[in-house]
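Here are some notes for a reader new to this entry. Please keep the structure in view while going through the points.

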Amino acid sequence: MIRSAIIELLWLVPLIVVSALIYVRMAPAKAEDWHVDPLSAAAPGPSGVLVRPADGDILPARHAAAPEDLLRRLDAIILATPRTRLFAGSLAEGRLTYVTRSRVFGFPDYSTVAVAGAGDSSAPVILARARVGRSDIGVNRARVTRWLRALEQAG
């Protein structure tokens, strides 16, 4: 009796794990929940990172580029990131939100990008945060840092 109950429970564990992974991959996301203005959004805490002039977790470098040009360059860099796709927004809107999924489990991270500045001087503004969990163990910070480094190298 106890042995059969243990066997039944052991059979349920993989089923629960597989169900949770399917949920993580298939759970619907609403654009209005994630496509927020990174210029005015609150810092994400341990589940992400905020790049913003004056009060971000990372203070961005200014670039000698018009905001729309800087956003276009940043868009190309981000879309070249593995497992990343555009989730909401457009270059014309001036704000883009991407979803990047982790390699093994497919956990989604959302990154919203805009540009602050005018004329020929601008700086990227990025709000990156995890959808699942209380901490992303620095994954978003590392990804955003790579994007900023690539932007610097691109000129």
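1. Phenylalanine 107 counts as partly exposed, with 32% relative accessibility. Phenylalanine 105 is partly exposed as well, at a relative accessible area of 41%. The classes are buried for under 20% relative accessible area, exposed for over 50% and partly exposed in between, with a 1.4 Å probe and protein chains only.

2. On the source: this is a predicted model, in which local features need pLDDT of at least 70, side-chain atom pairs count only at pLDDT 80 or more, and totals for chains, interfaces and linings use all residues. Residues are numbered from 1 along each chain as its sequence is written, and side-chain values use heavy atoms, with hydrogens and water left out.

3. How many aromatic pairs does a search of the whole structure find? The search gives three. Rings of Phe, Tyr and Trp (its six-membered ring) pair if their centres lie within 6.5 Å; planes under 30 degrees apart are stacked, over 60 edge-to-face, and the rest tilted.

4. The ring centres of phenylalanine 87 and tyrosine 110 are 5.1 Å apart and the planes stand at 70 degrees, so this pair is edge-to-face. It links distant parts of the chain, with phenylalanine 87 in strand S2 (residues 84–90) and tyrosine 110 in strand S4 (residues 108–118), 23 residues apart. Tyrosine 110 is buried, at a relative accessible area of 2%. For phenylalanine 105 and phenylalanine 107, the centres are 5.7 Å apart and the planes at 40 degrees, so the pair is tilted. Trp34, Phe87 and Tyr110 form one aromatic cluster.

5. The chain has four helices and five strands, in the order α-α-β-α-β-β-β-β-α along the sequence. These are DSSP runs numbered from the N terminus: helices are H or I with at least four residues, strands E with at least two.

6. Along the principal axes, the C-alpha atoms fill a box of roughly 75 × 30 × 25 Å.

7. Of the 155 residues, 40% count as buried. Among contacts (heavy atoms within 4.5 Å) with a separation of 6 or more, 56% come from residues 24 or more positions apart.
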